[in-house]
Amino acid sequence: MERKDFETWLDNISVTFLSLTDLQKNETLDHLISLSGAVQLRHLSNNLETLLKRDFLKLLPLELSFYLLKWLDPQTLLTCCLVSKQWNKVISACTEVWQTACKNLGWQIDDSVQDALHWKKVYLKAILRMKQLEDHEAFETSSLIGHSARVYALYYKDGLLCTVFSVDYNDELDILVSGSADFTVKVWALSAGTCLNTLTGHTEWVTKIWPIGREINCKCLKTLSVSEDRSICLQPRLHFDGKYIVCSSALGLYQWDFASYDILRVIKTPEIANLALLGFGDIFALLFDNRYLYIMDLRTESLISRWPLPEYRKSKRGSSFLAGEASWLNGLDGHNDTGLVFATSMPDHSIHLVLWKEHG
């Protein structure tokens with residue numbers, strides 16, 4: 001049959017085929033298949049999958065595709081990225097999906113960054129860090145060796161760790177004052193790490209630093225307790241941010257409102273007693289006991305990670321141990337999970353450090 005005659009015949013039979021019922025169309029196809037040879041059956045087999053499986057991400061408007069993708073969990077989305085380049089491009093461009101996934105992991109989100117591919121990369125980085133925490137592999141340890149006597153007090157700021165006999169500090173003035181066993185008091189510039197002045201005159205070890213230039217005239221505003229008979233002791237190192245007071249006890253973590261002194265929240269830790277509080281944020285809390293350093297997810301009130309600690313000196317006033325960088329407690333961001341996590345003085349006069357492990 002000539003090409004022109006074939007096209008005319010095909011147009012006529014197409015009109016007739018479209019006028020048939022579904023049952024008649026099926027019978028017609030069955031008859032045509034029975035008349036087909038190997039070449040036609042192979043052609044049919046190769047094209048059926050393409051005809052039956054429509055690429056909806058390619059066909060739908062981008063806004064509707066984004067709406068559908070929001071219903072899938074991140075791990076499923078990562079699998080979908082492997083389907084095709086087109087799918088990977090569309091899924092990677094869904095900023096809201098990856099931002100939400102990062103938030104759910106306890107990650108801080110900068111809404112001003114609208115680069116969609118950036119947030120997918122952030123999620124991949126976040127999931128690796130959270131897996132490290134879950135597997136108790138997010139930290140590493142180090143030691144500072146060189147002290148010839150016991151370190152009684154520690155202070156940390158902006159990457160600088162101060163180890164002294166006794167200490168007080170003023171962040172606004174950038175001043176640290178340290179007492180020593182040589183009967184002197186030294187005044188330091190924190191940011192420069194230089195000694196500004198040495199005060200003499202003491203005849204004994206300087207174990208306490210007193211305020212200078214003002215009278216010591218404090219008034220007790222309120223006594224906070226977690227039991228009516230005050231039989232439950234509070235651990236050293238309460239957390240105060242100007243709005244809330246948080247402290248640990250044998251019963252768990254207690255959070256008070258500073259304005260009303262009302263207890264706002266009690267976080268029970270029944271499986272581990274006598275946890276001391278090191279840091280408290282919007283997302284995470286850092287705690288420790290005689291054996292481990294712990295991270296608590298405050299959204300679920302569950303301990304998500306721990307790190308072993310050596311036998312250290314735990315002073316009653318809590319001056320011989322401290323937390324390092326604390327901004328990550330309000331949410332990780334891929335940059336604040338670096339540097340010092342925890343430091344404590346040791347019986348051999350060294351300083352034991354727990355540090356964030358670098359991202360793999």
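Leu322 stands opposite Ala343 in S17. This is a predicted model, in which local features need pLDDT of at least 70 and side-chain atom pairs count only at pLDDT 80 or more, while totals for chains, interfaces and linings use all residues. Residues are numbered from 1 along each chain as its sequence is written, and side-chain values use heavy atoms, without hydrogens or water.

S16 and S17 run antiparallel and are joined by three bridges. Strands are DSSP runs of E with at least two residues, helices are runs of H or I with at least four, and both are numbered from the N terminus. Two strands pair if DSSP finds at least two bridges between them.

The open sheet here has four strands in the order S1-S18-S17-S16, with antiparallel pairing. Strand S1 (139–144) and S16 each have a single partner strand, so one side of each is left without a neighbour in the sheet. On average, neighbouring strands are turned by 15° against each other, direction ignored. Axes are lines fitted to C-alpha atoms, for helices over the stretch in contact, and angles run from 0 to 180 degrees between N-to-C directions.

## Asn336 in its loop

Asn336 is found in the loop between strand S16 (321–323) and strand S17 (340–345). Is Asn336 buried or exposed? Asn336 counts as buried because its relative accessibility is 9%. Buried means under 20% relative accessible area, exposed over 50%, and partly exposed in between, with a 1.4 Å probe and protein chains only.

The Asn336 side chain reaches the backbone oxygen of Gly331 at 3.1 Å. Leaving aside neighbours within four places in sequence, Asn336 is in contact (heavy atoms within 4.5 Å) with Gln108, Ser327, Trp328, Gly331 and Trp356.

## The sheet S12-S13-S14-S15

Another four strands form an open sheet in the order S12-S13-S14-S15, with antiparallel pairing. Strand S12 (276–280) and strand S15 (302–308) stand at the edges. Each has a single partner strand, so one side of each lacks a neighbour in the sheet. Neighbouring strands are turned by 25° against each other on average, direction ignored.

Five bridges join S13 (residues 284–288) to S14 (residues 292–297). Phe284 stands opposite Asp297 in S14. Helix H9 (residues 116–134) lies across S13, S14 and S15, and runs at about 70° to S15.

Conventions:
Polar contact = N/O pair within 3.5 Å; in protein donor to acceptor, adjacent residues only side chain to side chain.
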